[in-house]
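This report describes the pockets of one protein model and the ligand that goes with it. Please look at the sequence and the structure first.

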Amino acid sequence: MIMNMIADNLDIVRGKIKTALLKSPYDQKAVCLIAVSKTKSVHDIKQAIAAGQTIFGENRVQEAILKFTALRQEYRSLELHLIGPLQTNKVEAALALFDVIHTLDRPKLADALSKAIKKSGRIPRLSIEVNIGRESQKAGVMPEDLSDFLVYCRDTLGLPVTGLMCIPPYGADPVPFFRHMKSLADSHRLHHLSMGMSGDFEAAITCGATEVRVGSAIFGERS
Ligand SMILES: *Cc1c(COP(=O)(O)O)cnc(C)c1O
């Protein structure tokens, strides 16, 4: 995409975030905009960086390594978030690259993360993915299993879990799901709430999101 388009899109998204924050009844200090650059080129990512964006999200470890290893050398202030499913055999590679992992969703992955953190000394920020729509094909812990899983991650393994993440069911009104997520985060005193994509980030913010993951509204449609 041409340079001005990505910069213009970022301006528009930032403006909408500000407006939504003003409407939000919650006291989010700010909302972290994660620019989701999956399938997009290093060239496109550099356009976003030139427009002041430093926080990026990718959903595949391998793709992120290919695109961001050199970018991170060149731009020291980048922050990289993993927003897609993480296989246990990719945990070490993910830890080496990502600052935040949004998709902690099962005990086996928690075990692998705990081991890899001890070995590498690198400590990412972690959020648990919740299957808030209880969809059989989707990743994430069921809402009723969250308490036990959180105890296992934080108390048994000592993992630094500070947030929750969700992807509501496609095509449904996301607001009831966002509200449920907000109440889960509050009741477990988790400060980071990752929800909202290009189509619904404003609604997510007025429901209490602290992080939004926006791809196509910044970079254009993915082919
Ligand atoms: C692709 C993706 C996004 C961004 O989607 P858009 O609709 O393009 O904004 C957000 N979250 C996750 C988990 C994704 O995989």
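Two elements, α7 (175-187) and β7 (192-194), each give at least two residues to the lining of the second largest pocket. Helices (H or I, at least four residues) and strands (E, at least two) are DSSP runs numbered from the N terminus. The share of α7, three residues, is the largest in that lining. The model is predicted, with local features needing pLDDT of at least 70 and side-chain atom pairs pLDDT 80 or more, while totals for chains, interfaces and linings use all residues. Residues are numbered from 1 along each chain as its sequence is written, and side-chain values use heavy atoms, without hydrogens and water.

A pocket is an open set of points on a 1 Å grid over the protein atoms alone, where a 1.4 Å probe fits, with protein on both sides within 12 Å along at least five of seven lines; lining residues have an atom within 4 Å of a point. A volume is the space filled by probe spheres set on the points.

The second largest pocket has 14 lining residues, and nearest its centre lie Asp27, Gln28, Lys182, His191 and Thr210. The largest pocket is lined by 27 residues, with Lys38, Ile167, Pro168, Met197 and Arg213 closest to its centre.

| Pocket | Volume | Lining by class |
|---|---|---|
| Largest | about 640 Å³ | 12 nonpolar, nine polar, six charged residues |

Where does the ligand sit? The ligand sits in the largest pocket, in the sense that more than half of its atoms lie within 2 Å of the grid points. Residues around the ligand (a heavy atom within 4 Å) include Val36, Ile83, Met165, Ser198 and Arg222. By class, this shell has six nonpolar, three polar and three charged residues.

Polar contacts are pairs of N or O atoms within 3.5 Å. A polar side-chain atom of Lys38 is 2.7 Å from a ligand oxygen atom. In the side chain of Arg213, an N or O atom lies 2.8 Å from a nitrogen atom of the ligand. Gly215 has a backbone N or O atom 2.8 Å from an oxygen atom of the ligand. Of the 390 Å² of accessible area that the ligand has on its own, the protein covers 90% (Shrake-Rupley method, 1.4 Å probe).

Methods
Nonpolar A, V, L, I, M, F, W, Y, C, P; charged D, E, K, R; others polar. Polar contact = N/O pair within 3.5 Å; in protein donor to acceptor, adjacent residues only side chain to side chain.
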